[in-house]
Amino acid sequence: MVSREVQAHDTVVRFGNAAIGGNKFAVIAGPCSVESEEQLLSVAEVVKQHGAVALRGGAYKPRTSPYDFQGMGVEGLKLLKLANEQLNIPTVSEVMDVSQVDTMCEYVDCLQIGARNMQNYALLKAVGESQKPVLLKRGLSATIEELLLAAEYIYDAGNPNIILCERGIRTYETATRNTLDLNAVAYLKQRTHLPVVVDPSHGTGVRELVIPLSRAAAAVGADGIIVESHLKPCEALSDGHQALTGPMFEQLMQELKPFVEAA
Ligand code: PEP
Ligand code: MN
């Protein structure tokens with residue numbers, strides 16, 4: 001169902017006033033984790049001011065170590081709702097478990113399936129039964145075919161509002177956190193009608209590489225990016241090393257202008 005052979009025209013996924021897919025390059029931005037009201041609202045204001053169409057922020061965090069910050073949970077979801085209401089910006093947040101789906105649907109506008117859950121089929125079915133848009137990230141070691149079949153689970157369960165996300169894969173390379181597979185973006189744009197976004201933050205793991213890889217994502221034909229941003233990255237509770245500062249986010253948007261403003 002997600003194949004171009006079934007549907008030739010591009011799917012545009014809408015939530016709030018955001019539209020992902022079509023001619024405009026969409027930028028989704030915000031912190032890795034929701035940490036406090038002040039942290040979330042201050043960065044949300046900056047990214048919105050510079051043209052982000054949606055705010056990201058994790059309330060449930062899939063951390064490699066159980067001793068690392070696990071997210072604020074429902075309190076974090078409430079802050080996302082607050083940001084949405086105060087700034088009129090739709091929100092994206094990761095759902096980690098079937099038991100969280102209903103609650104998350106009350107508070108956020110788009111459900112993110114993280115890389116570690118791309119093949120959690122019970123979760124894919126559950127978000128498929130909801131009607132919320134889903135941002136589906138490619139698994140750490142998933143093939144493109146496996147990503148498309150994961151999307152098929154969501155579609156088959158009744159939800160066609162799916163955004164695919166290339167967020168870097170595991171390779172032998174250790175200089176960067178992951179290897180951003182831009183082949184996948186060009187390939188996916190031919191194979192499927194679903195919108196494809198790139199996550200250069202997790203794709204590189206290095207703040208200084210986020211802007212160049214964002215430009216590359218736009219050049220290769222992605223429908224947008226999802227990037228991490230934090231006004232005080234050195235104080236971030238997760239992924240501070242890959243977060244764009246406020247001035248860097250402004251710089252990013254300046255460089256993406258021709259794509260963001262395309263009619
Ligand atoms: C995230 O978006 O913060 C995240 C955990 O991403 P991924 O699932 O791609 O690692
Ligand atoms: Mn992160």
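Visitor: Which residues of helix 8 are buried?
Guide: The buried residues of helix 8 are Arg207, Val210, Ile211, Leu213, Ser214, Ala217 and Ala218. A residue is called buried if 20 or more other C-beta atoms lie within 10 Å of its own, exposed if 12 or fewer do, and partly exposed in between, with C-beta atoms placed from the backbone. Helices (H or I, at least four residues) and strands (E, at least two) are DSSP runs, numbered from the N terminus.

Visitor: What kind of model is this, and how is the numbering set?
Guide: This is a predicted model, in which local features need pLDDT of at least 70 and side-chain atom pairs count only at pLDDT 80 or more, while totals for chains, interfaces and linings use all residues. Residues are numbered from 1 along each chain as its sequence is written, and chains are lettered from A and ligands numbered from 1 in the order in which they are written.

Visitor: Back to helix 8: what do its buried residues pack against?
Guide: They pack against helix 6 (182-191), strand 9 (196-198), helix 7 (200-204), strand 10 (224-228) and helix 9 (246-260). Contact here requires C-beta atoms, placed from the backbone, within 7 Å of each other.

Visitor: How far does helix 8 reach?
Guide: Helix 8 covers residues 207-220, 14 residues in total, and spans 21 Å from its first C-alpha to its last, close to the expected 20 Å. The expected span is 1.5 Å times one less than the number of residues.

Visitor: Which residue follows helix 8?
Guide: Glycine 221 follows helix 8, and its phi is positive, near 105°.

Visitor: And proline 212, is that exposed or buried?
Guide: Proline 212, which is in helix 8, counts as exposed because it has 12 C-beta neighbours inside 10 Å. Its C-alpha is 36 Å from that of aspartate 156, a residue 56 places away in sequence.

Visitor: What about the span of helix 9?
Guide: Helix 9 has 15 residues, but its end C-alpha atoms are only 18 Å apart, short of the 21 Å that a straight helix would reach.

Visitor: Where is the kink in helix 9?
Guide: The kink, of about 35°, lies at glutamine 254, shortly before proline 258. The bend at a residue is the angle between axes fitted to the seven residues ending there and the seven starting there.

Visitor: Which of its residues are buried?
Guide: In helix 9 these are Phe249, Leu252, Leu256 and Phe259. They pack against strand 3, helix 1 (37-49) and helix 8.

Visitor: New topic: what surrounds ligand 1?
Guide: The shell consists of Cys32, Gly58, Pro62, Gly114, Ala115, Arg116, Lys137, Arg167, Asp199 and His202. A residue is near the ligand if its C-beta atom, placed from the backbone, lies within 6 Å of it.

Visitor: How does that shell divide by class?
Guide: There are three nonpolar, three polar and four charged residues around ligand 1. Ala, Val, Leu, Ile, Met, Phe, Trp, Tyr, Cys and Pro count as nonpolar, Asp, Glu, Lys and Arg as charged, and the others, Gly among them, as polar.

Visitor: Which members of the largest nonpolar core touch the most others?
Guide: Leu136, Ile163 and Leu164 do, in a core of 80 residues. Such a core is a set of buried Ala, Val, Leu, Ile, Met, Phe, Trp, Tyr and Cys residues joined through C-beta atoms within 7 Å. Leaving aside neighbours within four places in sequence, isoleucine 163 is in contact with Val13, Ile20, Pro133, Val134, Leu135, Leu136, Leu194, Pro195 and Val197.

Visitor: What is the phi of asparagine 88?
Guide: Asparagine 88 has a positive phi of about 55° although it is not a glycine. Most residues other than glycine have a negative phi. Asparagine 88 lies in the loop between helix 2 (74-87) and strand 5 (91-94), and it is exposed, since 10 other C-beta atoms lie within 10 Å.

Visitor: And aspartate 239, what is its phi?
Guide: Phi of aspartate 239 is near 55°, again a positive value in a residue other than glycine. Aspartate 239 sits in the loop between strand 10 and helix 9, and it counts as buried because it has 20 C-beta neighbours inside 10 Å.

Visitor: Last one: where is lysine 24?
Guide: Lysine 24 is in the loop between strand 2 (18-20) and strand 3 (26-30). It is partly exposed, with 17 C-beta neighbours inside 10 Å. Leaving aside neighbours within four places in sequence, lysine 24 is in contact with Val260 and Ala262.

Terms used:
Contact = placed C-beta atoms within 7 Å.
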